[in-house]
Amino acid sequence: MDKTINNKAWFLVLPVFLIVAFSAILPLMTVVNYSVQDTFGNNKFFWNGVGWFSELLDLSTDLGARFLASLGRNLLFSAIILAIEVPLGILVALSMPREGWRVAACLVILALPLLIPWNVVGTIWQIFGRPDIGLMGYTLNKMGLDYNYVSNSFDAWCTIIVMDVWHWTSLVALLCYAGLKSIPDAYYQAAQIDGASRWAVFTAIQLPKMKRVLLIAVLLRFMDSFMIYTEPFVVTGGGPGNSTTFVSIELVKIALGQFDLGKAAALSIVYNLVILIVCWVFYTVMTNADNERAQPVGGA
Amino acid sequence: MARIDLVDLAHSYGGDTYALKPMTMTWRQGGAYALLGPSGCGKTTLLNIISGIVTPSHGKVLFDGKDITNATTRERNIAQVFQFPVIYDTMTVGENLAFPLKNRGLARDVIGKRVKEIAELLDLTPFLDRKAVRLSPDAKQKISLGRGLVRSDVAAVLFDEPLTVIDPHLKWELRSKLKALHQALDLTMIYVTHDQTEALTFADTVVVMHDGAVVQSGTPEELFAKPAHTFVGYFIGSPGMNIVPAEVKGNEAKIDGHTIKLNRTYDSLPVGAKIEIGVRPEFVEVAPPAPGLLSANIERIDDLGRVRFARVRIGDVKFAAKVPNGFLVPDNTAGLVFDPAHIHVYADSLLVEGRA
């Protein structure tokens, strides 16, 4: 086939290129630029090579210790909230009504937490948990529990986890509900005829049919919880001590608190890479799951 | 295996309208039945009542004389194949077939043996270790069927338009397979469809439903030769039966002022009923116009390959008639020659038996 080559067409791409360059490429390159340099002030920069990166991955340095500890906290946090929100979301979706006005009522109630801005969610729970004026904090203390998220790391973790579960379980539930709704009645009828127990119906029909939406839910929840910043920042400010300082909070501290641009730039690049890798893993898993469905074979 | 009796059965999904009007009928053990009717005539409701997915609002369902109206699907030992193949995605073909037996807690070696037998019967043996999702629709439909057959005590196998998603060239094959299975296993099979070809080729007894009621049940030949209801005449056969309003007196019928001789005598037709005569296009021939023949306007000729049918008009009534081989069709009008042995008289859509 003959192709017409018209170099003028490149001009049509130019506006997009300019916008992307201005909004993404230039800032990213600035970060890369900072990550390989050091400064002693006065806007004078020195070449530092991969210095920041090696420091970042070395536990014995201050930067490395802080980064790896916060990364560990982040992973632990994501693991905990996934372990709670996914089964809980499935459970909520399973117990939702399948038809009638109750469906609409449930959907609205479930969607409410999702519509609240992050910093408001943080503020709600910050006040809710206060031992002096917060409904939850006050009640817990009255019940004889020594609950104080400002001074006790365990309490701080519990508060943030419960907050995240409250905020985001709805998302998992809604996605699962959509997956469940797409299962034709015939499947349930066939299972009935086959004498399947409730558990067998769940494992043989519902779970496999929800697999794809569940993967999306897990991906979304992992990404969101891995990048979490606003809510814990508003509730605990990263404390007590460093116990709820996640990578994003650490990053802001280094970049804007200490103004260590080189360290912060290196950190954000590594942070970004971690997220990219996780995305790639999920993408691969999901497309593989798709391929499994394609190409029916034989059997007449 | 069972005989199924429906006693005064009726079903309403609420309100005054009946999805299924009161009926009493028997499905004999080992019979191959087709439940034929247009969409919305209540055939799927009837099927779901037999399988226990729907509990009827009136009447009883008996399996071998035992009342199972309120028994669960599981207790009834019914197998059902749905319109779209239902398979368990995560399982292999073998695991799919074993599923109903596993749920009933059978020993593993018994299950294995039974699954092998059924797979052999359905030509699924080469696929036993394959994931069931990857198979073609017809193989999936066989798995659905296999899950029903694998239980040795299954009372009846119900099919709800099972060939909907199957490629046309495989439909024939799968239907013959069903027929062969029916003969080999001596099972009661009930097959719901709106396709008359499917019904007539599969079943020894075709049950025609219309508007929530069974209008006729009989062999394909009976349905063709002697429709008990004008709907059966019209629904079965292609083209369907001609239904023409007529005045019937004694052994004569008057259509559009023209008198046709009948083989039987009709003395006691219900007064005030709508009287029609029905005759299949196969038993009416077009001929050159002649004084003794009912004349009709020819609208077009349908050539179906082996036969030609003339679409004609008598007054306002549309009519179809066979065109004899080698007959040169006149331009606009033709005479119609009736075969009196195949003319039926209907009063308010129901067949009236005349006196010989």
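Two strands count as paired here if DSSP finds at least two bridges between them. With that in hand, welcome to a predicted model in which 21 residues of chain A meet 27 residues of chain B. Chain B is split into domain 1 (4-235) and domain 2 (242-352), while chain A has domain 1 (23-56 + 246-279) and domain 2 (76-245).

**The four-stranded sheet of chain B**

- Chain B also holds an open sheet of four strands in the order β11-β14-β20-β21, and here the pairing is antiparallel.
- Because β11 (242-245) and β21 (350-352) of chain B each have a single partner strand, one side of each is left without a neighbour in the sheet.
- The twist in this sheet averages 40° from one strand to the next.
- Strands β14 (residues 275-279) and β20 (residues 344-347) of chain B run antiparallel and are joined by four bridges.
- Ile277(B) has Val345(B) of β20(B) as its bridge partner.

**Nonpolar cores**

- The largest nonpolar core has 80 residues, and those touching the most other members are Tyr33(B), Ala34(B), Leu35(B), Ala156(B), Ile190(B) and Tyr191(B).
- Leaving aside residues up to four places away in sequence, Leu35(B) touches Lys43(B), Leu46(B), Leu47(B), Ile190(B), Tyr191(B), Val192(B), Val207(B) and Met209(B).
- A second, separate core of 28 residues includes Leu262(B), Ala296(B), Phe309(B) and Val345(B); Val345(B) is also the bridge partner of Ile277(B).

**Domains of chain B**

- The C-alpha centres of domain 1 of chain B and domain 2 of chain B are separated by 39 Å.
- Each side brings eight residues to the contact between these domains of chain B.
- On the side of domain 1 of chain B that touches domain 2 of chain B, there are four nonpolar, three polar and one charged residues.

**Domains of chain A**

- In chain A, 33 Å lie between the C-alpha centres of domain 1 and domain 2.
- Their contact draws six residues from domain 1 of chain A and 12 residues from domain 2 of chain A.
- On the domain 1 side of this contact in chain A, α11 (247-257) and α12 (261-293) each supply at least two residues.
- The largest share of that side, three residues, comes from α11(A).
- By class, that side of domain 1 of chain A has four nonpolar, one polar and one charged residues.

**Where the chains meet**

- To return to the contact between the chains, it takes 21 residues from chain A and 27 residues from chain B.
- On the chain A side, α8 (185-193) and α9 (198-226) each supply at least two residues.
- Six residues, the largest share of the chain A side, come from α8(A).
- Sorted by class, the side of chain A that touches chain B has 13 nonpolar, six polar and two charged residues.

Conventions. Residues are numbered from 1 along each chain as its sequence is written. Chains are lettered from A and ligands numbered from 1 in the order in which they are written. This is a predicted model: local features need pLDDT of at least 70, side-chain atom pairs count only at pLDDT 80 or more; totals for chains, interfaces and linings use all residues. Two residues are in contact if their C-beta atoms, placed from the backbone, lie within 7 Å. Ala, Val, Leu, Ile, Met, Phe, Trp, Tyr, Cys and Pro count as nonpolar, Asp, Glu, Lys and Arg as charged, and the others, Gly among them, as polar. Axes are lines fitted to C-alpha atoms, for helices over the stretch in contact, and angles run from 0 to 180 degrees between N-to-C directions. A nonpolar core is a set of buried Ala, Val, Leu, Ile, Met, Phe, Trp, Tyr and Cys residues joined through C-beta atoms within 7 Å. A residue is buried if 20 or more other C-beta atoms lie within 10 Å of its own, exposed if 12 or fewer, and partly exposed in between; C-beta atoms are placed from the backbone. Domain bounds come from an automatic or database domain assignment.
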